[in-house]
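Visitor: Please show me the model, and then I will ask how its descriptions are reached.

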Amino acid sequence: MITLKGDTIYLRALEPEDLEFVYKMENDQSIWEVSNTNTPYSRYLIRQYLENAQQDIYEAKQLRLAICQDEDFPAVGLIDLFEFDPKNNRAGIGIVIQKKENRGQNIGSEALELLIKYSFFNLNLHQIYANISTNNEASIALFTKFGFEKIGIKKDWILLNNQYHDEAIFQLINTNNLNQ
């Protein structure tokens, strides 16, 4: 799909061959805070998920895409639309780049830009939002770069290392789509 291709990356549907990649991502405790994961996942559960990942966003209420740099290289991250609400034309959005050495390389920025455009122009969404820990400066910078505005704070929302942390909600309104 040309809509999901950028200058240096592209977004694609998950494939059965992504089993090990998704398994490693879901079980990497260092990113559980941003992925809202609390328990490990088995290969069996990931395999079942991948078998059903081809459901339409209107049926599954989510869309998870692999972030890829090149046809010959495996995925480097995942980007999601979740809590898809077609009645109110909104969805949550989340992104995670697996390896630290791939962060800060504009991969996340390009992927986020592609999914924002897809959300607004292909899915006709009125708004998208992101839940971000207030101490996650990199994610806050990434989302505010694209016009997301902080609209609220959920106090003591995330328990991490026996300490509670606040989580902010950021929102981007599609001002170009006023006919809804």
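Guide: Buried means under 20% relative accessible area, exposed over 50%, and partly exposed in between, with a 1.4 Å probe and protein chains only. This is a predicted model, where local features need pLDDT of at least 70, side-chain atom pairs count only at pLDDT 80 or more, and totals for chains, interfaces and linings use all residues. Residues are numbered from 1 along each chain as its sequence is written, and side-chain values use heavy atoms, with hydrogens and water left out.

Visitor: Which residues of H6 are buried?

Guide: Ser-139, Leu-142 and Phe-143 are the buried residues of H6. Helices here are DSSP runs of H or I with at least four residues, strands are runs of E with at least two, and both are numbered from the N terminus.

Visitor: Why are the buried residues of H6 said to line one face of the helix?

Guide: The arc is taken from the directions from the helix axis to the C-beta atoms. For the buried residues of H6 these fall within an arc of 90°, so they line one face. The face turned away from that buried side carries the exposed Glu-137 and Lys-145.

Visitor: What makes H5 oblique to H6?

Guide: Angles under 35 degrees count as roughly parallel, over 145 as roughly antiparallel, 65 to 115 as roughly perpendicular, and the rest as oblique. The axes of H5 (residues 107–122) and H6 (residues 137–145) cross at roughly 40°, which makes H5 oblique to H6.

Visitor: Which residues make the contact?

Guide: Gly-108, Ser-109 and Leu-112 of H5 meet Leu-142, Phe-143 and Lys-145 of H6, where contact means heavy atoms within 4.5 Å.

Definitions and conventions
Axes fitted to C-alpha atoms, helices over the stretch in contact; angles between N-to-C directions.
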